[in-house]
Each structure stands twice: as C-alpha cells, then as structure tokens.
Amino acid sequence: MNCCKVLLAGFLFLCLMGPDVAAQGARPSLLSVDATEAAIGLLHAHFVFPASPGEISIAYPKWIPGEHAPTGPINQVVRLVFTANGKQLSWRRDEAEPFLFHVQVPAGVNQIEADLDFACEIGGGFTPAVCSSHNELVLNWNLVVIYPTAFPIDRNMFKASLKLPKGWRFASPLPIEKQNGDEIQFGMVSLKALVDSPLLAGEYFETFPLGGDHPVDLDLLSETPEGLQITAEQKRAFANLVAEATALFGGSRYAHYHMQLTLGDSIDHYTVEHFEASENRMPARGLLDPRILPTSGSLVPHEYIHSWNGKYRPPMNLDNPSYLDPVDGSLLWVYEGLTDYYGNVLAARSGLWTPEQFRESLAIDAAQMATHPGRTWRSLQDTTTGAQLLYNASTAWSAARRSTDFYPESGLVWLDADTIIREQSKGAKSLDDFCKIFYAPQDGRRPKPYTFDDVISAMNMVWPYDWKAFFRQRLDSTSPQPPLDGIERSGWRLTYSEQKTELIDQLQQTRKIDLLWPLWEKSDFTDLRYSIGLLLNDDGTVLDSAPGMAAYKAGIVPGMQLIAVNGFKFSLPVVETAVLKTKTGAPLEMFVANDASTYLVKLNYHEGAKYPQLSRDSTHPDILAAILAPKAAAKK
Ligand SMILES: [Zn+2]
C-alpha cells in the first residue's frame with residue numbers, strides 16, 4: 001500500500017467512525033483535577049472534550065485493571081454536569097450500560113466541557129475510593145476520569161493537570177511537562193497510561209532510590225513526619241527485592257518504576273498493580289512498629305511482580321481495549337496465583353520475611369484452604385472464572401461458598417509445580433527458569449497476552465512433564481483436600497499447635513482482621529476456624545462458620561453473635577481460653593443471639609486450641625530452604 005492509499009484509507013476510517021471520532025482524533029481530551037480540597041475528600045475534575053454536533057457517548061471506567069471486576073466507584077461521583085459555551089447540556093444514561101452517558105452536542109460547537117466531583121470514601125473497605133486523608137492523597141485516575149468511548153483506551157489521548165494543596169509533594173510515573181508551584185501539567189498520554197499511573201501526594205513525602213537495571217524509586221508518603229523514618233535494614237530489604245525480582249525475571253520490562261508506599265491509618269488498606277508503579281498502603285506506624293512489616297511482608301513484592309506477571313504478560317482477554325467490557329478471569333490462577341507464590345518467595349529472598357515467617361504464612365494459607373469445604377462443590381477454576389462475583393462477596397459464608405481464595409490455593413499449586421521440577425531435575429531446574437522463559441523480553445514493552453497452552457508449552461521447555469494434566473487436575477478438583485503436595489515434597493508438613501505462631505499473634509495485635517484471607521473488615525478478631533470452625537470479631541459477631549466443624553454442627557452460622565461462653569460474658573480471651581480448655585475435658589457452651597432471639601448451644605468439641613504451623617519432615621530434603629535462598633547475590 002502506498003502513502004496516498006494510506007491517507008485515503010485513514011480519511012475513510014474517520015468518516016466511517018462518526019464525527020466525534022474524527023474531532024477527538026485531532027485533539028486530546030483535557031483533564032484538570034483540582035485536589036485542593038483533598039483534605040476533606042473532595043476532588044474536582046474539569047474536562048474539555050473535542051466534539052461535533054450530534055450525540056457523544058462518554059463513559060466512567062467500570063472494569064478496573066487489577067481489580068478484575070466491575071468495581072468502578074461510580075456512586076462516589078456526586079456531581080456530573082456537561083456544558084457547551086457555558087450552557088448546560090442534557091444527557092441520558094444508557095439503558096443497558098449504567099456507566100455510559102449520551103450527551104447531546106448542539107450545532108456550531110466543536111468541544112464540550114464537563115465537571116465531575118468525586119467524593120473519597122471515609123473508612124470503607126478494600127477500595128481505591130478511600131483516597132485521601134487530612135494530609136494525604138492517593139489518586140488512581142480512574143476515580144475522576146470520564147472519557148469519550150469512540151477510541152480504544154490505548155489510543156484515547158489525554159492531557160492531564162493537577163492542582164495540589166499548598167506545599168504538598170507528589171510522585172507519579174506520568175511525564176511532567178511543567179510545574180508551577182502546586183500546579184502540575186503532565187505530558188500527553190493515552191487514557192490507558194493515565195489510569196495505569198497512580199499519583200501520591202501529601203505533606204510528608206520522601207523518595208528513596210532502590211537501584212535496579214532500570215531505576216526503581218521507593219516513594220514513601222506518610223501521615224506523620226516520623227513515619228518516614230525508614231531504617232537502613234528496611235531500605236536494604238526493598239533494594240534486595242528489586243535485585244531479586246529482576247534476577248528472577250531476567251531483567252525489568254519498565255523504563256522507570258515507582259514503588260509507592262502510603263502510611264496512614266485513615267487510608268490504610270488498598271493495593272493495586274500497574275506496569276510502572278504499584279500502589280501499596282500500610283498503617284501509619286507501618287515502618288516504625290516492628291510487628292507490622294512482617295504482617296505485610298509479601299504486599300509490596302506481590303504488586304511489584306505484577307509488572308511482569310499481569311502487566312507485561314496479561315492473560316488473553318484480560319487486558320481489554322475498553323473499561324466497559326467484561327474481562328476473562330479464567331487464567332487468574334496464573335496472574336494472581338503465580339504472583340501470590342512469588343510474592344511470598346521474594347519476601348523471603350529479599351529479607352522482608354525470614355524463612356520462618358514465610359513458613360508461618362504458608363501454614364495459614366494451607367490451613368485456610370483445608371477449612372473451606374466450598375472446595376467440594378466449586379473448583380479452583382470456577383473461583384477464577386467467577387472472580388468478578390467473589391471480589392465483592394461478603395466474608396460471611398466464605399468457607400462454604402469460597403472466596404477469592406484462588407490466590408493462596410493457586411500459590412500452593414505453583415509450589416507443587418516448583419518442587420516437582422526441583423526434585424526431578426535434582427535441583428538443576430526450577431520454576432525460576434519458567435519465569436525467565438515466559439516473561440522474556442520480546443518486541444519492546446508492549447503487553448504480550450498469553451493462553452493456557454502458552455503456559456503449558458513454557459513449562460515443558462523447563463522440564464518435560466504432563467503439565468496440562470497436572471494443572472487441569474488441580475484446577476478442576478472438587479476434593480475436600482487442598483493441594484498440599486508441594487509443602488510435603490519440600491520437606492514440611494501442615495500441623496496444628498495449641499500456641500499461635502508469631503505471625504498469627506502479630507496479625508491479631510497490629511493488623512486487626514484485614515490481612516487475614518479473605519477478610520477485609522477492621523476489628524480485633526480471633527481465628528478459631530481450625531478448631532471449632534469460627535472466625536469471630538471482638539463483639540462476638542460470627543464473621544464465618546465452616547460447615548462440618550463443631551460450631552456449625554451446633555447451629556452457629558455467620559451473622560449470629562456470641563453473648564457468653566461457659567457462663568462468662570463474651571470477649572476474645574474468654575472464647576480462646578474456653579476452646580483451649582476443651583482438651584482437658586471442659587465443656588464448651590455458648591449463649592448465642594440470632595437477631596432478636598437468644599439461646600444456649602453446646603459444642604461437641606474436645607481437641608483444644610489449634611493454630612496452623614509447618615513442621616519439618618526430616619525424611620525429605622528441605623527444598624523450601626533452597627527455594628527461599630537469595631539468588632541475586634549469587635548472580636553478581
Ligand atoms: Zn495481585
């Protein structure tokens with residue numbers, strides 16, 4: 001095709017796509033965000049969209065990358081007004097797609113404007129909509145952006161600017177065109193790149209370079225000035241993480257990576273991955289209280305790994321050209337499962353965890369899957385295919401229904417695969433070799449979608465085995481037994497102790513319930529799922545009850561409340577002690593409230609307290625030690 005034909009084809013293409021496409025193609029959409037009221041949670045966005053007379057369709061992002069679900073927080077949009085030449089325009093919501101608006105563009109107009117107010121949530125759960133505090137802002141741009149739908153998101157160009165509260169500092173992967181005090185003008189990027197570039201801003205902010213083959217910065221935002229006092233040891237662990245991850249994947253695929261970490265009790269919780277950044281949050285004393293970082297040891301490694309696993313290589317049909325189209329979650333056992341596995345492994349290799357802390361976390365994962373009888377009716381595969389339903393599902397009934405527990409269960413499957421390769425190759429090969437092959441650079445930084453068969457063929461390049469049958473059997477299983485072969489092959493066994501491990505203790509003391517899979521509520525809690533089958537918060541509310549366990553058999557189900565245990569008013573120590581004493585023959589009677597009615601139930605349980613741990617099996621070599629040994633230093 002010669003150049004004249006290219007020009008003619010381009011003209012015909014624009015004509016066929018309609019007038020608003022042609023107009024938008026010539027000029028980018030402009031977005032100005034006024035965040036000067038971030039301290040009270042109000043973000044004001046102003047847009048200028050190229051347009052032509054007739055109808056223009058404008059969308060709010062619905063399927064959010066990294067959330068794998070239609071979770072765009074549209075109900076926090078508290079004002080949306082379209083105008084042209086100062087006059088308000090009429091619009092209507094699409095009858096079939098509530099995230100889509102149709103706006104009538106009057107004659108003689110070549111652009112329209114829009115004003116959108118977004119109200120950050122206060123408190124709340126695992127959502128980016130909890131986005132500001134009195135001195136912090138964590139801006140995922142999908143919260144405040146609307147966009148014409150005529151172009152795919154990677155060709156829908158935006159120029160964004162931001163006005164911050166006076167004196168706040170910021171970091172973002174976006175290119176900066178100019179800065180005038182608190183006002184920043186970013187360079188033109190696609191809508192996809194904009195949404196993939198979270199921004200941190202606040203009063204107390206510091207950046208620490210972490211090295212890497214391409215630069216990685218630790219962007220630290222804190223609610224308090226003392227929160228920024230990262231220790232040399234902590235800094236070294238994050239730098240080790242960069243070295244270990246790039247060693248694992250044979251180099252980085254990003255140009256410059258921002259490892260963003262926000263410390264703040266008001267906005268603690270949410271994390272999400274991006275190609276050149278990750279957005280991580282921890283409590284205000286996250287780096288000061290030595291008990292907290294171990295409870296979040298795999299948090300930053302997990303999101304960082306997604307730069308390779310998920311962003312550089314997404315599953316086919318997950319990286320969609322539109323935020324209105326459903327994503328296919330059927331390969332999330334790779335996207336999230338392999339990331340879960342290596343997030344834990346790299347936490348140990350980098351020193352964010354000791355090997356013992358890795359094992360304590362693995363024991364929790366394994367034990368939780370063992371108390372999810374939902375496995376007998378719902379396969380691992382179904383939890384990923386139906387992930388969009390499970391991300392917003394209640395904690396209540398998660399043992400029976402299952403949850404997004406494909407993270408830990410897939411992690412166990414990948415450990416199984418890793419130990420098979422290591423055992424059969426006598427230590428010459430490992431899953432690390434799969435990472436180098438599967439995530440190897442090809443054709444620049446463009447995403448390389450993959451299929452199930454691509455995974456199998458890369459596994460076979462590492463070590464010949466019937467990997468198709470291996471994964472299908474584990475993905476489609478409805479056995480009550482979780483896949484623990486990897487733990488056993490690595491020289492360890494899941495056992496239970498009357499004593500809590502240090503990690504369980506730290507989770508209870510410092511992180512409330514929010515990091516204990518799959519729970520996101522914040523309250524003090526006790527996890528008795530491995531003994532009587534109950535997960536309880538500090539007022540006795542039954543958050544979950546595992547079918548088949550003693551409490552469930554006695555008729556205690558989620559939503560009920562324990563009022564008293566063995567005649568004593570309910571408290572967490574009272575119930576834990578009562579369960580412990582059952583081993584010496586003490587009874588276990590609970591006075592329970594079920595909405596308006598109350599009654600006494602007796603549990604048939606005599607096995608005492610049970611908390612998961614891994615115990616060494618000396619009949620097998622300790623393959624886990626080889627997996628967790630640092631690798632980056634060995635390469636130097
Ligand atoms: Zn993830």
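The model is predicted, so to speak of local features we need pLDDT of at least 70, side-chain atom pairs count only at pLDDT 80 or more, and totals for chains, interfaces and linings use all residues. Residues are numbered from 1 along each chain as its sequence is written, and side-chain values use heavy atoms, with hydrogens and water left out.

Let me begin with the metal. The zinc ion has as its protein donors His-302 (NE2), His-306 (NE2) and Glu-336 (OE), at 2.0 to 2.1 Å, where donors are N, O and S atoms within 2.8 Å of the metal (3.2 Å for Na, K and Ca), and water is not among the atoms, so sites may look incomplete. Along the sequence these residues follow the spacing H-x3-H-x29-E. His-302 sits in helix α6 (residues 299–305), whereas Glu-336 is in the loop between α7 (332–335) and α8 (337–350), so the pair ties together parts 34 residues apart in sequence; helices here are DSSP runs of H or I with at least four residues, and strands are runs of E with at least two, numbered from the N terminus. Both are buried, His-302 with a relative accessible area of 11% and Glu-336 with 1%, buried meaning under 20%, exposed over 50% and partly exposed in between, with a 1.4 Å probe and protein chains only.

Turning to the pocket, domain 1 (28–202) and domain 2 (203–495 + 618–636) both contribute lining residues to the second largest pocket, so it lies between them, the domain bounds coming from an automatic or database domain assignment.
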